[in-house]
Amino acid sequence: MVTLIRSQIPKSSPDISHLIAFEDYCQHNSGWTIKQGPVLFNPRSFSLRFFSGIQALLKPILRRVKIKGAVLSLGLPYYHYLTAKTFPYFGADCDLRVLWTYDVWAPDFDRVEQLVNKSKIDLLLLSSYQATAHFQKLNLGNCKVHWVPETIDVNAYQHKEWSERSIHVLSFGRSWQQYHEVIVDGCHEHHINYQYQERSATHDVAVHGLKKKLQFPTTADFTAGLADSKICICFPRCVTHPALAGEVSTLTIRYLQAMASKCVIIGSAPKEITRLFDYNPVIEVDWEKPVEQIRHILDYPEEYSTIVEKNYQMVHQHFHHQQAINQINEMVKANLT
């Protein structure tokens, strides 16, 4: 038996919107018991500390309340977020306290380890293989650690015929400035419609986030933009922002979103790709002739149709939200028995 504690966080960023969408899918397709966490209000930092403080004060009382089975939280590997959004359920006594989360990068390992110990997590499920391997080596008491890669609701994405797509090259969200600089002028010169999130020397989406002037203001705008794109640029975070990611090189949902939208993915594959695929789903960048490579893809799309279709089938069969639900159910069952 699994009880999912749903987040009630204002949708102020794409990451939060993706989390809420995952929880929506789980609510309607998992068979889990659903409980609503508190509504986190603005200013967010105050509401997080408020509910975390209340949970700490009520801990002796909450521990007397028994919840049978597993209590599950999805996403957000931050102590105040976790304790606030799951109040009061994570503070109660239960058979298994479970956290599945993403964005666990090497510089954050110590902080996440403290979160696991302080929150008394019994089952830690991580989206990154390298992060999983690291935490499996630690002394986390009775906490078990397993790998559950990121997934998407494939049916939420669309795709158009190649000839109907108006965006030639798309870079969304976090980008790699080095690649951008070697293609932007060439794309303009050859009338290639290259769309990207504006970025300045003082403001980087990956570092500071972005709440205004979003490339795609809504989820509907984003899925429509992907469906209208021929080529999608994808690099791992360890390449674009090594100071934030360290050596962790994981398959993030940007790759899956591009696959579900039948885009040609150009960039670099994450290291764990060999554990998930028996082929490389990414067209690796030709650094000697980057613009010519883009022009070749646009001029001869039939050469890439096989990998596009293979990627589309792969994400449907192995990276749908239902796959994550099934994995979580199996691991909860194994740990409860």
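**Entry 1: helix α12**

I started with α12 and listed its buried residues: Ile 253, Arg 254, Tyr 255, Leu 256, Gln 257, Ala 258, Met 259 and Ala 260. I note here that the model is predicted. Eight of the eight residues of α12 are buried, so I wrote the helix down as largely enclosed by the rest of the structure.

Next I asked what the buried residues of α12 pack against. I found α1 (14–29), α9 (219–227), β9 (229–234), β10 and α15 (305–318).

I then took one of these partners, α15, and looked at how α12 meets it. The two axes come within 8 Å and cross at roughly 115°. I recorded the crossing of α12 and α15 as left-handed. On the α12 side I noted Leu 256, Met 259 and Ala 260, and on the α15 side Asn 311, Tyr 312 and Val 315. Sorted by class, this contact has five nonpolar residues, one polar and no charged.

I moved on to Ser 261, which sits in the loop between α12 (253–260) and β10 (264–267). Is Ser 261 buried or exposed? Its relative accessibility is 0%, and buried means under 20%, so I counted Ser 261 as buried. Leaving out residues up to four places away in sequence, I found Ser 261 touching Tyr 157, Gln 158, His 159, Arg 165, Leu 226 and Ala 227.

I also checked Lys 262, which follows α12. The phi of Lys 262 is positive, near 60°.

**Entry 2: helices α5 and α6**

I looked up helix α5 (residues 109–119) and helix α6 (residues 129–136) as a pair. Their axes come within 12 Å and cross at roughly 60°. I therefore put α5 down as oblique to α6. The crossing of this pair is right-handed.

Which residues of α5 and α6 meet? From α5 I noted Phe 109, Val 112 and Glu 113, and from α6 Ala 131, His 134 and Phe 135. The residues of this contact divide into four nonpolar, one polar and one charged.

I then listed the buried residues of α6, which are Ala 131, Thr 132 and Phe 135. Looking down the axis of α6, I saw that these buried residues fall within an arc of 100°, so they line one face of the helix. What covers them includes α5, β5 (123–126) and β6 (144–147).

**Entry 3: helices α7 and α14**

I repeated the exercise for helix α7 (residues 177–189) and helix α14 (residues 290–299). Here the axes come within 9 Å, and they cross at roughly 60°. I therefore recorded α7 as oblique to α14. α7 passes α14 in a right-handed crossing. The contact is made by Tyr 179, Val 182, Ile 183, Gly 186 and Cys 187 of α7, together with Pro 290, Val 291 and Ile 294 of α14. By class I got seven nonpolar residues, one polar and no charged.

**Entry 4: Asp 93**

Last I looked up Asp 93, which is in strand β4 (residues 93–101). Its relative accessible area is 32%, so I noted Asp 93 as partly exposed.

How many residues apart in sequence are Asp 93 and Arg 63? I counted 30, while in space the pair is 4.9 Å apart, C-alpha to C-alpha. Setting aside neighbours within four places in sequence, I found Asp 93 in contact with Leu 62, Arg 63, Val 65, Lys 66 and Ile 67.

How values were computed: Residues numbered from 1 in each chain as written. Predicted model: local features only at pLDDT ≥ 70, side-chain atom pairs only at ≥ 80, totals over all residues. Heavy atoms only, no water. Helix = DSSP H or I, 4+ residues; strand = E, 2+ residues; numbered from the N terminus. Buried < 20%, exposed > 50% of the residue type's maximum accessible area, 1.4 Å probe, protein only. Contact = heavy atoms within 4.5 Å. Axes fitted to C-alpha atoms, helices over the stretch in contact; angles between N-to-C directions. Parallel < 35°, antiparallel > 145°, perpendicular 65-115°, else oblique. Left-handed = near helix turned anticlockwise from the far one by under 90°. Nonpolar A, V, L, I, M, F, W, Y, C, P; charged D, E, K, R; others polar. Arc of directions from axis to C-beta.
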